Amino acid sequence: MTSLPSILGGLDPTSDRAVFRQIADQLREAIDRGRFKEGEKLPSEAELVEHYGVSRMTVRNSFSILQGEGLVHAEHGKGVFVRPRPPVRRLASDRFARRHREQGKSAFIVEADAAGSHPTVDSLEVKEEKVGQDISTRLGSVRRVLARRRRYLLDGRPVEFATSYLPLDIARGTQIAEPNPGPGGIYARLEELGHQLDHFEEEIRARMPSPSEVKTLQLAAGVPVIHLIRTAFDAAGRAVEVCDTVMAADAYVLSYQLPAT
């Protein structure tokens, strides 16, 4: 490792900014500038104590700030490491292209292939159930649906979980109601049933995760989630699916192309 004085500066005794925040600022800048690379171990507590002439508690408070920002993660007995940047680029303009379904690939598989990762799905549950007012309204005031719940993993790491809600008059008794809907996923099956997909509407927001979401996605401290609700419409204008998805924000980059006119 390059010597710390060449990477990190010194403290400003005239500043009214707390010492632990100054240290966090310098570590953050070094990460942003690539002086500490993705997956690289940061200097140890002992090294930073010696460099800055501060207590271990001060250094720990600095690390806590960076962990809360999702920039680093701690591994017990090993140290503090720079968190990797999002590995998957989610291309809104391409992920639901019909050519992928015709090749027997779901959007998740296409994205995993592009990232060079191995995709798996677990925690699968398929059942008929009542839905709340929001999902009902999005699907045209239906009250009972087929719900498909699943968790997605890349190279064994959970990155998102999703629930798809489909009207029973479309999905009941079809392959969509099976645990494995077949090549191309449920969108391929919808089109085979005569519901040619026309467009999708998505609502996206970022927030901090609930305790259950932290557990399901095995999130480190400070990592937010992306909450996305997508409605799929067929060529007749009918809403044929609502998908409620929660994604680990450190696993994805959302990429969009927007028209200029």
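Biologist: Which residues of the largest nonpolar core touch the most other members?
Modeller: They are Leu 8, Leu 27, Phe 36, Leu 42, Leu 48, Phe 63 and Val 72, in a core of 21 residues. A nonpolar core is a set of buried Ala, Val, Leu, Ile, Met, Phe, Trp, Tyr and Cys residues joined through side-chain atoms within 4.5 Å; buried means under 20% relative accessible area with a 1.4 Å probe, protein chains only. This is a predicted model, where local features need pLDDT of at least 70 and side-chain atom pairs count only at pLDDT 80 or more, while totals for chains, interfaces and linings use all residues. Residues are numbered from 1 along each chain as its sequence is written, and side-chain values use heavy atoms, without hydrogens and water.

Biologist: Which element gives the most to this core?
Modeller: α2 does, with 5 residues. Helices here are DSSP runs (H or I, at least four residues), numbered from the N terminus.

Biologist: What is Phe 63 in contact with, leaving aside neighbours within four places in sequence?
Modeller: Its partners are Leu 27, Leu 42, Pro 43, Glu 45, Leu 48, Val 72 and Val 80, with contact meaning heavy atoms within 4.5 Å.

Biologist: Turning to α4, which residues are buried there?
Modeller: Thr 58, Val 59, Ser 62, Phe 63, Ile 65 and Leu 66 are buried. They lie on the same side of α4, because they cover an arc of only 150° around the axis, taken from the directions from the helix axis to the C-beta atoms.

Biologist: What do they pack against?
Modeller: The buried residues of α4 pack against α2 (19–32), α3 (45–52), β1 (72–75) and β2 (79–82); strands are DSSP runs of E, at least two residues.

Biologist: And what happens just after α4?
Modeller: Gly 70 takes a positive phi of about 80° there.

How values were computed: Buried means under 20% relative accessible area, exposed over 50%, partly exposed in between (1.4 Å probe, protein chains only).
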